[in-house]
Amino acid sequence: VSADDVLVDLLVAEHAAVYAYGVLGARLDDRTRTSALAAYDAHRSRRDALVSRLRARQLPTPGPAPSYDVAVPDRAAALALAVRVETELGVRWRDLVAATDDPALRQLGVQGLQDSAVRAAQWRQTAGITPVTQALPGQV
Amino acid sequence: VQGIWQAGPVQPTRRSVLVAGALGAVSACTSKPGAAPQPVPPDTALTATAVARETALLAAYDEVLAAVPALAARLAPVRAEHQAHLAALQGAPTIASPLPVRTGTSLQPAAALTRLAALERAAATAHAGAAVSASRRLAPLLASLAASESAHLVLL
């Protein structure tokens, strides 16, 4: 898989993450919602940075899907969705690390993987899911 | 350009790293004048450094657990992940060794956790840096180690 393909996949995934955090925040208490809002902002920045990067490389910049198949009936579902979003993004950031020799892209991938692993751990801890951490985040 | 070492084993063991180092030293002494020096295989060196780092982290956890057994429930899963890191670097199955026996040493739990957090943070930074210069084969593993160690801070 080329780094270009992974970058496009990452943009698609970041669109989904932004959508998911927008939906799941409504099911959380005030304190937890603050974390969700911070994550929402972080994913929006990543999304925008990916759009710029893809444009600079003259690659397609897919927009968000018209709808996403997510049901968030309660707090547990909201937290589970947040864990899923971060875990799946971690896989793609790790894919980017594996797909490039460009140090800047490597760094971006490593940072993305670290951020998603930290957020996934925070959500698991909030949800009372154990283990809170993973030995090899991003590895399928 | 792919180095010749990249066709070798994915994750050299500590032993093979040491042997390779020794062989490198010998060939350096016996090479003909004017021959290009053998480059240090980056992945081999990066793996050896990562193994040393994980070994030191495991020792730090063992020291804390031996002194403060009350932290076992919190720290044992993290310690197990470092054992998994070590195994992944060495391309070997995870060896789950028993928790250390209690020693007479006493440590303040809060200070012990702060120290472990500092070690995890340093390891995450080092592994993240190594992931930038490693081969495509090793880099994802180092990136996962960095991510795992950053996430450990959530528990410390």
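Buried area is the accessible area (1.4 Å probe) that two parts lose on being put together, summed over both. This is a predicted model, in which local features need pLDDT of at least 70, side-chain atom pairs count only at pLDDT 80 or more, and totals for chains, interfaces and linings use all residues. Residues are numbered from 1 along each chain as written, chains are lettered from A in the order written, and side-chain values use heavy atoms, without hydrogens or water.

**View 1. The interface of chains A and B.** Together the two chains bury about 2,000 Å², with 64% of it on carbon and sulfur atoms. On the chain B side, V132(B), R136(B) and V154(B) lose the most area to chain A, together 31% of what that side buries. Contact (heavy atoms within 4.5 Å) takes in 26 residues of chain B and 24 residues of chain A.

**View 2. The salt bridge between D101(A) and R136(B).** The rule (side-chain nitrogen of Lys or Arg within 4 Å of a carboxyl oxygen of Asp or Glu) finds one salt bridge across this interface. Its closest N and O atoms, from R136(B) and D101(A), are 3.1 Å apart.

**View 3. Surroundings of W123(A).** Beyond neighbours within four places in sequence, W123(A) touches Y21(A), L28(A), T32(A), S35(A), A36(A), L79(A), A82(A), V83(A) and E86(A).

**View 4. Helix α3 of chain B.** This helix (a DSSP run of H or I, at least four residues) covers residues 72-90. Its 19 residues reach 26 Å from first C-alpha to last, close to the 27 Å expected at 1.5 Å a residue, counting one less than the number of residues. Just after α3(B), G91(B) takes a positive phi of about 60°.

Methods:
Helix = DSSP H or I, 4+ residues; strand = E, 2+ residues; numbered from the N terminus.
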